Amino acid sequence: MTNAVVTLNHGKKAFGDNEVLKDISLTVNKGDVLAVIGPSGGGKSTLLRCLALLETLNSGDLSYGDLVVCSNNAEGRAVYGDAATIAKAKTRYGLVFQNFNLFPHYTVLQNVTDALICVQKMPKDEALARGRDLLAKMGLADKESMVPCDLSGGQQQRVAIARAMAMNPDVLYFDEPTSALDPELTREVLKVIRDLAAEHMTMVIVTHEMGFARDVADQIIFMDGGVIVEQGPASEVINNPRHDRTRAFLANYDRD
Ligand SMILES: Nc1ncnc2c1ncn2[C@@H]1O[C@H](COP(=O)(O)OP(=O)(O)O)[C@@H](O)[C@H]1O
Ligand SMILES: [Mg+2]
């Protein structure tokens, strides 16, 4: 029995002749929080998008637990599983984007419950009850009938987190969840992510919040130029980086 929720081995992805992921391997175990840091253009979003099946790898092996999503054929090309496998894999993770990506014409509660009702075919009463529980957990109990544009960015992002959790995923992916928010709203969103970490939710978080990454993550990956330059325990990577490139990158940030 392995404890791995998601495993990527030798993942490669190019857009034309731009090799964006050069040879990325990572494993996220149940209950782990992995933070991914690094300069813009380094391939962080592409990595998350490949894990979340929004992009296809050119080569590599990707599994969710014992569910094999893709593996290399004899020519070293990634071959993806059939539609049923992909559909099953898609229930294993939730994704939170930088810009919330809520459905603008749905209420908050509809945003959270839509996939439960339409994809998972959960009975409506049950889905609404689950949606309300998640909204309460995000501190949004009184907002269920509002539409996204009537909420602050921080509230919208908390709705997006509730939506990502609705299907009860094994892992949550966050792509710079606070980069569109001012400092106060950033704090409220980071707090709900900290609370999830305290409950041992498995998460992969791309972030520029170095103090948050050090406090909340178990492991940190520093990515630059499509490769993992450095990986290690969060406090080591942030407080005592081993590589010059990591040091140079971190010198630009306040680590409080
Ligand atoms: N859909 C795409 N088509 C072409 N190039 C892309 C696409 N998505 C990302 N890239 C390129 O991949 C590289 C890495 O981008 P990205 O994964 O967004 O990095 P990061 O999230 O670390 O800033 C960049 O050079 C970017 O231009
Ligand atoms: Mg990005």
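Which residues of α1 are buried? They are K44, T46, L47, L48, C50 and L51. Here, buried means under 20% relative accessible area, exposed means over 50%, and partly exposed lies in between, with a 1.4 Å probe and protein chains only.

The structure is a predicted model, in which local features need pLDDT of at least 70, side-chain atom pairs count only at pLDDT 80 or more, and totals for chains, interfaces and linings use all residues. Residues are numbered from 1 along each chain as its sequence is written, chains are lettered from A and ligands numbered from 1 in the order in which they are written, and side-chain values use heavy atoms, with hydrogens and water left out.

The protein contains nine helices and 11 strands. These are DSSP runs numbered from the N terminus: helices are H or I with at least four residues, strands are E with at least two. The radius of gyration is 18 Å, close to the 18 Å given by the globule rule for 256 residues, so the protein is as compact as a globular protein of that length. That radius is taken over C-alpha atoms, and the rule is 2.2 Å times the number of residues to the power 0.38. The C-alpha trace spans about 50 × 45 × 40 Å along its principal axes.

Buried residues account for 50% of the 256 residues.

A UniProt annotation from an unreviewed entry, "domain: ABC transporter", covers residues 6–250. UniProt positions follow the numbering used here, feature names are shortened, and annotations may be inferred rather than shown by experiment. Over residues 6–250, the chain is 37% helix and 28% strand. The end C-alpha atoms of this stretch are 27 Å apart.

Helix α1 spans residues 44–51 and is mostly covered, with six of its eight residues buried. L53 follows α1 and has a positive phi, near 60°.

Strand β4 covers residues 59–64 and includes S59. The relative accessible area of S59 is 11%, so S59 is buried. Leaving aside residues up to four places away in sequence, S59 touches H10, G11, K12, N72, G76, R77 and A78. One of these partners, N72, is 13 residues from S59 in sequence. The C-alpha atoms of S59 and N72 are 6.1 Å apart.

Definitions and conventions
Contact means heavy atoms within 4.5 Å.
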